[in-house]
Amino acid sequence: MAVTGDETDEETELAPSHMAAATGDMPTYQIRAPTTALPQGVVMAASPGSLHNPQQLAEEATRKRELRLMKNREAAKECRRRKKEYVKCLESRVAVLEVQNKKLIEELETLKDICSPKTD
């Protein structure tokens, strides 16, 4: 059922089952903003009957926030550990490459001395 411009707001706010029963058409839904807003960060529990008052909702939100912060701290700690390990690995690789480079430079100097014509 389509809503036309000459219908009143009351008609457009009927429950979907009433509209379907009245017209025989498929139910039409209207999206409206909620009449009450929860404080930001409060999440409804899976079973609405388990949390009855705002204090319980706030405690649940606080518990979830603490859990999220704890997981974030652990993840950050692990990230720092992996970064430190990565930097150590890079530093050891640099040390090995510096030694290898020094040996190659010495070898090059030796080969230059052997191959260059002596001008005595």
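Q: Why is Glu66 called partly exposed in this predicted model?
A: Glu66 has a relative accessibility of 41%. Buried means under 20% and exposed means over 50%, so a value in between counts as partly exposed.

Q: What makes the contact of Glu66 with Arg65 a salt bridge?
A: The closest N and O atoms of Glu66 and Arg65 are 4.0 Å apart. The cut-off is a Lys or Arg side-chain nitrogen within 4 Å of an Asp or Glu carboxyl oxygen, so the pair counts. Arg65 is also partly exposed, with a relative accessible area of 45%.

Q: What makes Glu78 and Arg82 a pair about one helical turn apart?
A: Glu78 and Arg82 are separated by about one helical turn because they lie four residues apart in helix H3. Their side chains form a salt bridge at 3.9 Å, N to O.

Q: Why can Val87 belong to a surface patch?
A: Val87 has a relative accessible area of 34%. Patch residues need over 30%, so Val87 passes that test. The nonpolar patch consists of Tyr86, Val87 and Leu90, with about 270 Å² of accessible area together.

Q: What secondary structure does the chain have over residues 87-114?
A: That stretch is 100% helix and 0% strand. UniProt, in an unreviewed entry, places a "coiled-coil region" there.

Key
Residues are numbered from 1 along each chain as its sequence is written. This is a predicted model: local features need pLDDT of at least 70, side-chain atom pairs count only at pLDDT 80 or more; totals for chains, interfaces and linings use all residues. Side-chain values use heavy atoms; hydrogens and water are left out. Patches are made of residues with over 30% relative accessible area and no salt bridge: like charges are joined within 9 Å, nonpolar side chains (Val, Leu, Ile, Met, Phe, Trp, Tyr) within 5 Å. Accessible areas come from the Shrake-Rupley method with a 1.4 Å probe; for residues, only the protein chains shown count as cover. Buried means under 20% relative accessible area, exposed over 50%, partly exposed in between (1.4 Å probe, protein chains only). UniProt positions are given in the numbering used here, feature names are shortened, and annotations may be inferred rather than shown by experiment. Helices (H or I, at least four residues) and strands (E, at least two) are DSSP runs, numbered from the N terminus.
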